[in-house]
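Here is a short tour of a protein chain for someone new to reading structures. Keep the sequence and the 3D view open while you read.

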Amino acid sequence: SGKVQLNITNNKGIYKQTEEPIFRIHSRKQFPTRTFTTSSDYLKVDYLNSASYYSIEDYTSKEVIIPFDAEYTKLSADSDGMYFKLYMQGLQPERYYKVLIRHDNQDGINIYDDNYYFKVIR
């Protein structure tokens, strides 16, 4: 099955409007195949496919601030895993925002909404 578990590993929770943080997405299979190894599967870098996007929503009003977009909100990847960079100056200060991740695969469209949220301050 294509179900995976996602975590945003470096979310500080509070960002100034001048910041441009990089949010790292750590993924692993929800039900990994049992293997006998000398290191933890939790340390292995897994990648979602290229049809993976982020969206930003106002936490209180549920209004979509940055919608999923195949071109502009596609997740990037490097040797440390998947990530996206977010420019906080485009967001209203003193509000909470929620990150949603969309992953399209052979099982369909999966949207991960695990209350990954942060606040923007002045």
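Let's start with aspartate 58 and arginine 95, which form a salt bridge with their closest N and O atoms 2.6 Å apart. The term salt bridge here means a side-chain nitrogen of Lys or Arg within 4 Å of a carboxyl oxygen of Asp or Glu. This pair ties together distant parts of the chain: aspartate 58 belongs to strand β4 and arginine 95 to strand β8, 37 residues apart. (Strands are DSSP runs of E with at least two residues, numbered from the N terminus.) Side chains of opposite charge can pair when their charged atoms come close.

Are the two partners buried or exposed? Aspartate 58 is buried, because its relative accessible area is 5%, while arginine 95 is partly exposed at 31%. The cut-offs are these: buried is under 20% relative accessible area, exposed is over 50%, and partly exposed is in between, using a 1.4 Å probe and protein chains only.

## Where the model comes from

What you see is a predicted model, where local features need pLDDT of at least 70, side-chain atom pairs count only at pLDDT 80 or more, and totals for chains, interfaces and linings use all residues. Residues are numbered from 1 along each chain as its sequence is written, and side-chain values use heavy atoms, with hydrogens and water left out.

Aspartate 113 is partly exposed, since its relative accessible area is 38%, but lysine 98 counts as buried because its value is 5%. Salt bridges with shared partners also join Glu57, Lys98 and Asp113 into one network.

Another salt bridge brings together the side chains of glutamate 19 and lysine 12, at 2.8 Å from N to O. Here glutamate 19 is partly exposed at 22% relative accessible area, and lysine 12 counts as exposed at 55%.

## The five-stranded sheet

Now look for an open sheet of five strands, in the order β2-β9-β8-β4-β5, with mixed pairing. Two strands pair if DSSP finds at least two bridges between them. Which strands stand at the edges? They are β2 (14–16) and β5; each has a single partner strand, so one side of each is left without a neighbour in the sheet. From one strand to the next, the twist averages 40°. For that angle, axes are lines fitted to C-alpha atoms, and angles run from 0 to 180 degrees between N-to-C directions.

Inside the sheet, β8 and β9 (residues 108–121) pair in the antiparallel sense over 10 bridges.

## The nonpolar core

The largest nonpolar core has 22 residues, and Phe84, Leu86, Ile101 and Phe118 touch the most other members. Such a core is a set of buried Ala, Val, Leu, Ile, Met, Phe, Trp, Tyr and Cys residues joined through side-chain atoms within 4.5 Å. At least two of its residues come from each of β1 (4–8), β3, β4, β7, β8 and β9. Strand β9 gives the largest share, four residues.

## A buried arginine

Arginine 24 is found in strand β3 (residues 22–29). It counts as buried because its relative accessible area is 19%. Its side chain makes a polar contact with the side chain of aspartate 78 at 2.8 Å. A polar contact is a pair of N or O atoms within 3.5 Å; within protein, one must be able to donate a hydrogen and the other to accept it, and residues adjacent in sequence count only if both atoms are side-chain atoms.
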